[in-house]
Amino acid sequence: MKKPLVLSLLLLLTLPIAGGGFITTISYSPSVYLSIPHFEDELPFRTSMNNTFIFEPFGYETEHWSVGTSLKGAFVTPSLPWGNYRARGFSSLGLGVRFSYDLDERFALFGSGGMAINRYTAIEWAFLSFWAEAGIEYTILETPNTELSAILPITVDLRKEITALSIGLGLRCLFDPYGGGLI
Amino acid sequence: MKRPIIFLLLPILLLASCELVQDQPLQGKVYGVFIGLDYDNATWHGGEGFLEGTLNDARELKTAFQHVAELADLQMDSYLMYQEGDTKDQSTYEMITVGETPIRSYASKANLVSLLGALANIIEEEDFLIITYHGHGGEDVLVMAPESDAEDNIELKVAEELLNALTPVKGRKLVILDSCYSGMSVPPSESSVSLIRSPSISDWFNTYFSDGSYAIPPVTLFTATADSKAWEYEVKVGSNHIHGVFTLALLEALGGYHDDTFRMGDTIPAEKNGVVTVDSLYAYVKEHQKLPLRTTIYRPASRYQHPMTNGGAMDFILFTL
């Protein structure tokens with residue numbers, strides 16, 4: 001299990017250096033965070049707000065696809081107060097891998113997945129979670145060395161006691177840090 | 001492009017309104033049991049002796065919770081169970097009536113069990129019970145008042161006895177413990193790890209992949225310390241008015257303050273977005289208590305205490321204001 005993972009990460013790190021097409025991106029997407037409990041609760045799901053920041057320091061891009069490692073930070077608010085309980089807010093720090101495929105000059109599909117450590121905002125308890133994400137990306141602006149896109153990510157957060165669905169709208173900035181020009 | 005976005009946003013709007021479209025569940029009555037002991041009559045002193053602030057803690061917390069319940073338009077019935085002075089003569093303690101059951105307010109183990117039994121008969125599903133305890137404690141143990149000189153069965157085991165006695169009580173239940181090592185009664189969570197208990201990396205993974213499943217705890221615990229001693233503190237230097245460090249911060253969180261006497265203010269500092277929750281009280285106590293949370297190599301402290309509560313996904317809403 002460990003070997004393919006290490007090899008994939010090494011490949012991701014070495015590809016940009018070897019062949020150019022090295023990209024770095026940052027993105028921000030606010031979203032609605034719906035917590036669907038696996039336990040007995042008063043509501044079928046609870047609603048929170050989620051602010052997600054993603055930094056991809058090492059990305060590699062070809063004409064139609066790109067791949068990169070991502071560092072994800074998220075801040076989920078407590079859910080709207082309802083009844084006797086509310087879902088706790090938490091902050092999250094995760095590592096993952098992201099792929100995207102260009103459908104045409106403007107549109108692209110993307111997917112990502114990874115693992116995160118999360119800490120409840122008010123209390124000192126923490127938990128592990130895994131996430132998977134898919135979405136559409138639309139390029140708004142393009143210069144030789146930068147790109148600005150609108151993204152529509154749909155994320156599934158797999159927590160022990162909750163499966164959360166997060167749907168948002170955000171922005172993604174893509175840079176060519178070496179100035180060789182984006183492909 | 002517009003159509004798919006609208007189709008994607010429509011379910012968000014529909015789904016997001018779950019809390020907004022459903023009627024709030026019925027709020028019932030609040031019941032409070034406030035227990036304070038000074039151990040002046042005990043042969044057992046746990047090496048610590050007489051406690052000066054515990055009766056102030058219980059009495060003033062009773063006032064504070066009653067005040068917040070009033071602000072939340074909830075009816076509250078409060079019972080003070082205490083032990084004060086050097087007598088073991090229970091006839092000097094007044095009777096309290098729960099439903100139709102008369103119980104002596106002397107804070108012995110037997111009287112507390114009787115009180116909880118009587119409460120089980122009157123508390124309904126929509127009601128809410130708060131129990132606070134201010135006294136000596138040990139690892140998962142509270143120390144109640146002796147009924148006679150010969151009595152040595154004064155230890156009340158939290159998990160085995162207190163929480164068991166609460167099982168037949170319907171409704172939501174909060175137990176607040178201001179005593180040494182009280183956080184050791186907080187059970188581990190099936191879904192999260194306590195950062196105060198210094199989890200290892202394998203603890204994180206084991207918790208995630210374990211078979212145990214999370215459930216909202218039947219009794220929420222909120223304690224003064226995680227795994228250390230709990231201390232008392234003089235409200236103002238020279239005032240001779242003592243409180244537990246934890247309870248003093250908790251009183252402030254609920255809007256209480258001390259000038260010449262104890263009073264309740266107009267605002268509830270722990271209120272966040274119209275609700276007072278266990279987490280909002282916890283956050284307030286953590287930030288405002290008079291002792292540091294821990295001792296470190298950079299900030300060594302001989303006295304410190306860290307509050308503790310149950311882990312897991314859900315926060316307990318106590319009052320909606």
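## Strand pairing between the chains

Strand β4 of chain A, residues 85–87, pairs with β18(B) in the antiparallel sense, over 3 bridges. Within this pairing, A:A87 stands opposite B:M314 of β18(B). The model described here is a predicted one, and the description that follows should be read accordingly.

## Chain B as a whole

Chain B contains 8 helices and 18 strands. Its radius of gyration is 21 Å, close to the 20 Å that the globule rule gives for 321 residues, so chain B is as compact as a globular protein of that length. The C-alpha trace of chain B spans about 80 × 55 × 45 Å along its principal axes.

Buried residues account for 43% of the 321 residues in chain B. When contacts in chain B between residues at least 6 apart in sequence are considered, 70% of them join residues at least 24 apart.

## The six-stranded sheet of chain B

Chain B holds an open sheet of 6 strands in the order β2-β1-β5-β9-β11-β17, with mixed pairing. At the edges stand β2 (76–83) and β17 (308–309) of chain B, each with a single partner strand, so one side of each is left without a neighbour in the sheet. Helix α3 of chain B, residues 54–71, packs on this sheet and touches β1 (30–37), β2, β5 (128–134) and β9 of chain B, while its direction makes about 165° with that of β1(B).

Strand β9 of chain B, residues 172–178, has parallel partners in β5(B), to which it is joined by 7 bridges, and in β11(B), residues 219–223, with which it pairs over 5 bridges. Residue B:L177 takes part in both pairings: B:Y133 stands opposite B:L177 on one hand, and B:T223 is the bridge partner of B:L177 in β11(B) on the other.

## Burial along β9 of chain B

How many of the 7 residues of β9(B) are buried? The strand is mostly covered, with 7 of its 7 residues buried. In a regular strand the side chains alternate between the two faces of the sheet. In β9(B), B:R172, B:L174, B:I176 and B:D178 point one way, whereas B:K173, B:V175 and B:L177 point the other way, and all of them are buried.

## Chain A

Chain A has 1 helix and 10 strands, and from the N terminus on its elements run α-β-β-β-β-β-β-β-β-β-β. Of its 183 residues, 45% count as buried. Among contacts in chain A between residues at least 6 apart in sequence, those that join residues at least 24 apart make up 57%.

A:L174 lies in strand β10 of chain A, residues 170–175, and A:L174 counts as buried because it has 24 C-beta neighbours inside 10 Å, the cut-off for burial being 20 or more. Between A:L174 and A:F130 there are 44 residues in sequence and 25 Å in space, C-alpha to C-alpha.

Definitions and conventions
Residues numbered from 1 in each chain as written. Chains lettered and ligands numbered in written order. Helix = DSSP H or I, 4+ residues; strand = E, 2+ residues; numbered from the N terminus. Rg over C-alpha atoms; globule rule 2.2 N^0.38 Å. Buried ≥ 20, exposed ≤ 12 C-beta atoms within 10 Å, placed from the backbone. Contact = placed C-beta atoms within 7 Å. Pairing = 2+ DSSP bridges. Axes fitted to C-alpha atoms, helices over the stretch in contact; angles between N-to-C directions.
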